[in-house]
Number of protein chains: 2
Amino acid sequence: MLNPDLVSFMERHFPAWRNLTPEQREALVQNTVEVSYKKGSCVHGAESECVGVLIIRKGMLRTYLLSEEGREITLFRMGAGDTCVLSASCVLNAISFDVHIDAEEDTEALLIYAAHFSRLKEQNIYVECETYKLAAERFSDVMWAMQQILFTSMDKRLAVYIWDELSKTGGDTLRQTHEQIARHIGSAREVVSRMLKYFASEGIVELSRGGIKVLDKIKLKALT
Amino acid sequence: MLNPDLVSFMERHFPAWRNLTPEQREALVQNTVEVSYKKGSCVHGAESECVGVLIIRKGMLRTYLLSEEGREITLFRMGAGDTCVLSASCVLNAISFDVHIDAEEDTEALLIYAAHFSRLKEQNIYVECETYKLAAERFSDVMWAMQQILFTSMDKRLAVYIWDELSKTGGDTLRQTHEQIARHIGSAREVVSRMLKYFASEGIVELSRGGIKVLDKIKLKALT
């Protein structure tokens with residue numbers, strides 16, 4: 001008898017669940033484990049072993065590119081209910097790149113082992129199809145990120161970032177270091193610090209040890 | 001009776017042909033037309049109508065992003081035998097971005113109308129699966145391009161470009177304007193001109209109206 005909680009979660013979040021045979025469902029559950037990642041830990045890296053498919057129950061994963069010099073470019077984030085397939089790129093023939101994935105918050109997920117997932121996807125066309133469909137959704141995210149990084153000027157990019165982050169939390173203060181912000185918007189700390197000083201001189205924000213407090217939301221919005 | 005040439009081409013290049021019913025094959029052929037594009041013409045743009053799936057018989061298509069200011073970033077190229085699905089992004093729910101596609105050479109292709117392709121993909125899971133798989137391959141190309149653009153320094157990027165282009169043609173002279181090169185490597189004309197002058201001052205290339213002649217292949221290779 002399968003764990004009803006797990007089955008109900010799979011029904012909602014494993015894309016091809018309804019197209020699995022009873023045997024495939026049972027085998028899938030047997031090859032799925034609960035995993036947790038501490039905030040800041042590495043989930044998947046270019047050199048690490050192939051993890052498998054992750055279905056996030058709680059927390060947040062961040063996917064990014066890493067240059068040889070250590071520069072990071074955030075591609076997209078995934079939260080509760082999202083299914084991460086790029087962590088199983090080793091078993092997806094059409095995907096020939098590797099990204100880094102970190103836990104941005106303490107994260108709990110279901111992990112379907114790569115080897116089992118690979119077999120399942122060969123047995124069941126719906127699994128393969130849904131997997132590539134999920135990859136295509138991420139492709140869309142990456143294209144969005146790429147356009148932001150390549151085409152948006154820095155003041156606008158920073159303003160959009162501050163605006164979006166505060167919209168999530170609802171407050172008026174962003175408690176992140178310049179280094180963290182630079183990572184998220186694909187820039188350098190010095191550039192972010194310089195631009196924030198400019199924002200402060202314009203009366204848009206106030207800078208302190210505690211973070212960045214927005215003083216003039218209208219001016220900030222106008223930049224976005 | 002279906003045109004045997006067309007059928008034989010479809011068998012080789014339409015990914016899910018072998019999984020179509022005879023009726024689906026016939027309907028597909030009836031909804032496929034031969035198209036040709038003159039060098040330089042627009043195949044698919046952000047504002048243009050949804051073209052459909054293109055199977056290239058001859059020539060070369062270039063896919064790129066275009067900024068509001070007119071800056072272009074080349075993402076990938078497709079040649080004979082390649083199937084272009086991003087020109088049918090309107091019927092792919094998981095793809096929410098739009099790219100520009102131009103004919104880089106005089107190009108001949110088979111075009112499957114978007115509306116028919118959409119119906120076929122809903123009837124036949126293999127068609128949907130192969131389409132998203134092709135999209136995932138392009139995702140890989142885009143990730144490669146993104147890493148080149150974001151992480152490779154300009155001298156290296158330019159040297160790699162010249163090296164690769166000459167490897168294709170076999171000569172020692174690249175007959176392209178600085179503007180064209182800048183487009184291909186996602187840079188500005190001024191940056192390319194400056195870097196080429198530097199290459200010339202190092203004795204790596206010789207610049208003339210006719211193009212860029214490589215004088216020192218060893219030095220050029222060392223930069224790549």
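**Symmetry.** I superposed the two copies in this predicted model and found that a rotation of 180° with 0.0 Å of shift along its axis brings chain B onto chain A, at an RMSD of 0.2 Å (least squares on the C-alpha atoms of residues with pLDDT of at least 70 in both copies). I therefore noted the relation as that of a two-fold axis. I then looked up which residue of chain B comes closest to the rotation axis, and it is Cys129(B), with its C-alpha at 2.2 Å. The same surface serves both copies, since 100% of the contact residues of chain B recur in chain A.

**Contact.** I counted 28 residues from chain B and 28 residues from chain A in the contact, where two residues qualify if their C-beta atoms, placed from the backbone, lie within 7 Å. On the side of chain B that touches chain A, helix 4 (residues 125–151) of chain B gives the most, with 19 residues; helices are DSSP runs of H or I of at least four residues and strands are runs of E of at least two, numbered from the N terminus. By class, I recorded 20 nonpolar, four polar and four charged residues on that side of chain B (Ala, Val, Leu, Ile, Met, Phe, Trp, Tyr, Cys and Pro are nonpolar, Asp, Glu, Lys and Arg charged, and the others, Gly among them, polar).

**Confidence.** For the complex I noted an ipTM of 0.71 and a pTM of 0.72 from the predictor. Chain A averages a pLDDT (the predictor's confidence in each residue, from 0 to 100) of 88, and 97% of its residues score at least 70. Within chain A, confidence is lowest in helix 7 (residues 189–201), at a mean of 82, and highest in strand 8 (residues 107–113), at 95.

**Conventions.** I number residues from 1 along each chain as its sequence is written, and chains are lettered from A and ligands numbered from 1 in the order in which they are written. As the model is predicted, local features need pLDDT of at least 70 and side-chain atom pairs count only at pLDDT 80 or more, whereas totals for chains, interfaces and linings use all residues.
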